[in-house]
Amino acid sequence: MKDLFDEVSHKCSVLVTKNYSTSFSLAVKMLAPSIREAIYSIYGFVRFADEIVDSFHGFDKETLINEFENDYYKAQKAGISLNPILNSFQHTVKKYNITDDLIQSFLKSMKMDLVKSDYHSKQEYDDYIYGSADVVGLMCLKVFVKGDDQKYEELKAEAMRLGSAFQKVNFLRDLKDDNLVLNRNYFPGVDLKSFNESSKAMIIKEIEEDFRVALQGIKKLPLEAEFGVYTAYVYYKKLLRKLENTPSHKIGTERIRVSNYAKGLLFANSFVSYKLKLV
């Protein structure tokens, strides 16, 4: 019956992914079935931690994130948790040898969101992005290479750049909520109260370089992972183009999205391009 509980735990991770991110769910479906479960479990873990610090207003967020961390380590030690998201994640951690430094770096950045609202230097900015996004890319890379340490080291830098690109696009997309609701500014040297085209162009140029480097790594991924990761890359590139074509003042007052219909067309076109080796 433990197998049934583990299956239910996995389904909970899938449910979390589908409900919180249609775009990521579509990308995961493009991965080989053999690795989807692990990626769902990683997403479930990082999503719950992120929701604690971003959404659970009116609750003791510090206590909640600390309990979440403690419960994870109890699960990792015991090999089971009655929290299905943690139960699913700890299986993936053990199966793919996801190192604890990645998990600790992620949790450190999540906790920073409870106490820090402005990032004044590039080092602070880079450190936050490393913990909140780069290490998530590295966790996924651990799954993709299936224990091949040489391949992991070969692709590590590009995986981090892809994580950085995704996170920076999220920052730009979420500018309104980060500024007006959460009172956060991740971009050093940028005044969100007077966010302008010059600031937007500077950020987009930085993201474009991250994407350029990341694409080289995507092309070297194992076949089981390549198209799924490329699908996510295509979606975020589309979102970046939409942000680039949106006036800066509008980005600061509303959340820019890619419609589900547009996502469907985008993913269909990316499949054709991938199969024809046009990337």
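A salt bridge, as I use the term today, is a side-chain nitrogen of Lys or Arg within 4 Å of a carboxyl oxygen of Asp or Glu. By that criterion, Arg161, Lys168, Glu206 and Asp210 are linked in a network of salt bridges. Please keep in mind that this is a predicted model. The structure holds 21 salt bridges in total, and I will go through a few of them.

Let me start with helix H3. This helix has 23 residues. From its first C-alpha to its last, H3 reaches 32 Å, close to the 33 Å expected at 1.5 Å a residue. Of the 23 residues of H3, 17 are buried, so the helix is largely enclosed by the rest of the structure.

Glu51 and Arg47 are both buried.

Which residue does Asp54 meet in a salt bridge? The partner is Arg184, at 2.6 Å from N to O. Arg184 lies in the loop between helix H9, residues 175–181, and helix H10, residues 197–218, while Asp54 lies in H3, so the pair ties together parts that are 130 residues apart in sequence. Both side chains belong to buried residues, Arg184 and Asp54.

Arg184 has another partner to mention. The side chains of Arg184 and Asp113 meet in a salt bridge as well, with an N to O distance of 3.8 Å. This pair also links distant parts of the chain, 71 residues apart: Arg184 in the loop between H9 and H10, and Asp113 in helix H6, residues 100–115. How buried are these two? The cut-off for buried is under 20% relative accessible area. Arg184 has a relative accessible area of 5%, so it is buried. Asp113 has 7%, and therefore is buried too.

Last, the surface. Asp60, Glu62, Glu67 and Asp71 form a negative surface patch. Where does Asp60 lie? It is in the loop between helix H3, residues 33–55, and helix H4, residues 61–78. The relative accessibility of Asp60 is 47%, so Asp60 counts as partly exposed.

How values were computed:
Residues are numbered from 1 along each chain as its sequence is written. This is a predicted model: local features need pLDDT of at least 70, side-chain atom pairs count only at pLDDT 80 or more; totals for chains, interfaces and linings use all residues. Side-chain values use heavy atoms; hydrogens and water are left out. Patches are made of residues with over 30% relative accessible area and no salt bridge: like charges are joined within 9 Å, nonpolar side chains (Val, Leu, Ile, Met, Phe, Trp, Tyr) within 5 Å. Accessible areas come from the Shrake-Rupley method with a 1.4 Å probe; for residues, only the protein chains shown count as cover. Lys and Arg count as positive and Asp and Glu as negative; His and the chain ends are not counted. The place of a charge is taken as NZ of Lys, CZ of Arg, CG of Asp or CD of Glu. Helices (H or I, at least four residues) and strands (E, at least two) are DSSP runs, numbered from the N terminus. Buried means under 20% relative accessible area, exposed over 50%, partly exposed in between (1.4 Å probe, protein chains only). The expected span of a helix is 1.5 Å times one less than its number of residues.
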